[in-house]
Amino acid sequence: MQSAFTDIFIKRPVLSIVISLIIVIAGLQAISTLTIRQYPRNENAKITISTAYIGADAELVRGFITVPIERAIATADGIEYISSQSQPGLSQIEVRLRLNYDSTRALAEVSSKLDEVRGDLPPESEVPIISVQSADSERASAYLSFSSDILEANEITDYLVRIVQPRLTAVSGVQEAEILDGRTFAMRIWLDPIRMASLGVSPTQVREALAANNFLSAIGRTKGQLVTANLSTDTDLNSVEDFEQLVVYSQGDRFVRIKDIATVELGGENYETEARFSGEKAVFVGIFVLPNANTVDVIRGIREELDHIRAELPDGLNADIGYDSTVYIEESVNEVTITLVQTLIIVMFVIFLFLGRIRSILVPIIAIPISLIGAVFVMQLLGFTINLLTLLAIVLAVGVVVDDAIIVVENIERHLREGMSSVDAAITGVRELIGPIIATTLTLVAVYIPIAFQGGLTGSLFKEFALTLSGALVVSSIVALTLSPMLSSKVLKAGPPTGLAKRINDGFERIRKLYRSVLAVSLSTRWAVYTAWLVLAFLTIPMFMLSPKELAPQEDQGVIFGIVDAPANHSIEETTRYAESANAAFFSLPETSYSFQITFPSMGFSGMILKPWGQRERSTAELVPLVQAELGQISGISVFATMPASLPGGSNFPVEFVIGSTDEPERILEFANQIRNRAIESGRFAFPPIIDTKIDQPETNFKIDRDLTAALGLDLRDVGADLGALVGGNFVNRFNIAGRSYKVIPQIERSGRLNPEQLESVYITGPENQLIRLSTVASLEESVQPRSLNRFQQFNAVKLSGVFMGPLDQGLELLETAAAEILPTGYRVDYVGESRQLRTEGNTFLAAFGLAIVLIFLFLAAQFNSFRDPFIILLGSVPLALFAALIFTFLRNMNPNMPFWTDGWTTTLNIYSQVGLVTLVGLVAKNGILIVEFANKRQLAGLSKLDAIREAAETRLRPVLMTSISTIAGYFPLILVTGAGAGARSSIGLVLVGGMTLGTFFTLIFLPSIYMLLAKDRQAEHG
């Protein structure tokens, strides 16, 4: 037989050992350099532009703030979509960037576009605040809770602003440490309208006095011949006493001071939020991570810094971590690591059962770890991280790389049984396997190339997975062709098997005889086999189409969020009172560890953090309907329980369906309600979908008599200025405390503005600066207005959000069908969050799968120098394995909340199971390669096509069964996993285990008949 390059590694064992040691050293040094994160690094960012316009209603904000800014920034590059909310007094625009677009570049361009229109914005509006942050979630990566029984909220806030916030933002990778429910100090001038009227003081006079007499002046310095001195003057006010003594009005010796018409206090800038930690009042700090930072490392740094901060906190101030998303990340990584160890142990045990001798399993035991360690070095070379997907790739690699070692050992042992010496058996055995090993490696690499470069979220997530697994395969083939034959020549001994090895060989011989009988029947009834093949192959099409689809399986992340929706006319006190009931509902379940709540007058956000996975028996998915039932009994507010999104870029709810049009929101809302009713009638939503546009905000319009106003010598600007000064709550200027500036805010005290009717009796500036009652020139007109005016892609828009009890794809199809029937021409539908990901990523599988098949075919054609043999390999294994795998998606119950007999061993078609299907193609193709390659050689040796395929199938039966069963056993722990990250691992495991189990059986039965139909008769070549 002609020599091969593998001979040198058997004849020079030190060379093969050196190669393996280099792989191990490179991999070990790489392990210590790789960082840990939840998902592969990608930049998924959004830019937020917030513009305050105090006192303006939503329509005014939309027309004068939101629309001009949207038009200006829409031409910036890198934008996926723009959404906005125009609320009374506030415009919020969110610019979602394309995946992995440079957020720094986008921020600079958007800022430049914004500068172009700043001069067109109303002068009364504040300067727009622009920021960039990660769009991986609507929530912060962690929430820190600060509470005290001694300090007031504004005192806690000031301490956080001065001491804690700077230290937290200095931690590497922190985008922002945002104080939530902070009571930032402000000088509150609580005006008494009755005392003002009795003393003849108008609201405008108060604002003018504050503006004119609280002034920061910089007057310069003296400069003499020899010395200089800085100059300053106390033109500003710094304390409550200073503001109380401020003269508002004087006439002769008569002075009217602030204290005569108002109560002055060092209060809070905002009284419209309240935060609680497990029911106790607190102030939260939300930690937002930079879009391209490592969340695990950042929050680990925050924890370390918080430990130092705790040691320095004032007496009575406590600090806790209210929510930490990295707990789930680290637990998921630990779970995958445990699965990896279990897989290695199971594979080793299975190999021993197949070979029956300790000597035989030494080769795979040494080869597998070297291949996996080498894969880590590949990760370092490519700049990857240790994350859930690269670890999953390592787990899957165990089942793949073991094949090479098993094939080498089994083939060398076969030659030993035939009487060869150890060295000759090793040389001959590996020569026969050079082609199959290279072919199978290239086949599997070809499978993953389309996954790695398909783009979008799937490509971004699975690029590291695909290339890590490909790297492990390449290293495995190197080890199989260098180290494994050398080790086999040293540890395997000639001679008949004894003991357990003999019993195993005898068992395989009985299996071989049984298979010979089955094979004879299948080859003699080939037309029946072809018919069965056609039926099974064509069944894969409807099974794929009808399988439930979703973006990713729902994961148990150890937290349930509660989204609060309250009536528009609620005060913060009223909403908080009902929020206390929500907190009680959270703690009604024994699995709850602690909770956090952030409440606003008409909305809120809360969460119940569950006990660690090992300390509870029920999963998050089981607890959601239970807590929702408790929350549903709260009468004053609506609280919707939801689980966090499984993939980056998700939002509060999986279903987020946007209806856009140039019509006004009231008209769009009519159609949105009709679609919502269809969703309710289906009975498939956990609660009626939430509509973000609500026209229920009570509004009282002061209808001004323009003629009377003109007759009195007034203008509307004077009237508006007085009303704004009384009620608006806008700040006049700032004052200084210990080196920091705070706002000065005059406003009628709360008892004077309990309802709109009270304001009719306030006094405004009249003729010749005499005061008149507001009711003289204005009357009240009641109306109802939208809470906010929303837009999407520069169209007026209404969004429906909810939780569909079934695959997300079916929920969106239900809404899409209703929209097609209800919406008139000119309306459009769109998506955000997880729904958008599904619609943009859900249809990429077929293209990637098709490209993988084409690449496999081309690699095999080049390897076999034939276009026939790749057809035989692919047709004889791939459709049958896909049919077997799709059984475990097709039988999935559409409603996860309804018990079904397939629960526990079925999954949906999602990005994980689809990657499993692609992986399955490469795995089952390996079996076909082994059989077809050997059959071709037997034909060249002079056998007929029938005899060649029969002998090839029987000879390769043992390695096919050994590699397949070891792979199946190695992947079996994936379908048994629970806890953090179990959904993804179980989904890919079910597809691979089910597909390999039935797919291997089908390949052994069907492929020989396919070979007889399509293979070339090579006897002529032999002759």
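Q: Where is Asn100 found?
A: In this predicted model, Asn100 is found in the loop between strand 3 (90-97) and helix 4 (103-117), where helices (H or I, at least four residues) and strands (E, at least two) are DSSP runs numbered from the N terminus. Residues are numbered from 1 along each chain as its sequence is written, and side-chain values use heavy atoms, with hydrogens and water left out. Because the model is predicted, local features need pLDDT of at least 70 and side-chain atom pairs count only at pLDDT 80 or more, while totals for chains, interfaces and linings use all residues.

Q: What about phi of Asn100?
A: Asn100 has a positive phi of about 65°, although it is not a glycine. At 43% relative accessibility, Asn100 counts as partly exposed, given that buried means under 20% relative accessible area, exposed means over 50%, and partly exposed lies in between (1.4 Å probe, protein chains only).

Q: And Gln794, where is that found?
A: Gln794 is found in the loop between strand 28 (789-792) and strand 29 (795-802). Its phi is near 70°, again a positive value in a residue other than glycine, and Gln794 counts as partly exposed because its relative accessibility is 33%.

Q: Zooming out, how many helices and strands does the protein have?
A: The secondary structure comes to 34 helices and 30 strands, and the C-alpha trace spans about 125 × 75 × 55 Å along its principal axes. Buried residues make up 57% of the 1023 residues. Of the contacts (heavy atoms within 4.5 Å) with a separation of 6 or more, residues 24 or more positions apart account for 79%.

Q: Which residues touch the most other members in the largest nonpolar core?
A: They are Phe462, Phe465, Leu647, Ile659, Ile675 and Tyr912, out of the 181 residues in that core; a nonpolar core here is a set of buried Ala, Val, Leu, Ile, Met, Phe, Trp, Tyr and Cys residues joined through side-chain atoms within 4.5 Å. The largest share of this core, 20 residues, comes from helix 13 (residues 388-417). Apart from it lies another core, of 35 residues, among them Leu191, Ile258, Leu714 and Tyr742.

Q: What is Phe465 in contact with?
A: Leaving aside neighbours within four places in sequence, Phe465 is in contact with Leu389, Leu392, Ala393, Leu396, Tyr448, Val915 and Ile988.

Q: Is Glu933 buried or exposed?
A: Glu933, which lies in helix 30 (residues 911-940), is buried, because its relative accessible area is 10%. Beyond its neighbours within four places in sequence, Glu933 is in contact with Glu432, Pro436, Phe864 and Arg956.

Q: Switching to aromatics, how many aromatic pairs are there?
A: A search of the whole structure finds 28, where rings of Phe, Tyr and Trp (its six-membered ring) pair if their centres lie within 6.5 Å, and planes under 30 degrees apart count as stacked, over 60 as edge-to-face and the rest as tilted. One of them is the tilted pair of Tyr328 and Trp613, at 6.3 Å centre to centre with 40° between the planes. This pair links distant parts of the chain, since Tyr328 is in helix 11 (residues 326-355) and Trp613 is in the loop between strand 18 (603-610) and helix 19 (620-631), 285 residues apart. Tyr328 and Trp613 are both buried.

Q: What does strand 1 pair with, and over how many bridges?
A: Strand 1 (residues 45-52) is joined to strand 4 (residues 129-134) by six bridges, running antiparallel, and it pairs with strand 3 in the antiparallel sense over seven bridges; pairing requires that DSSP finds at least two bridges between two strands. Ile49 has Ile130 as its bridge partner in strand 4, whereas Lys46 has Arg96 in strand 3.
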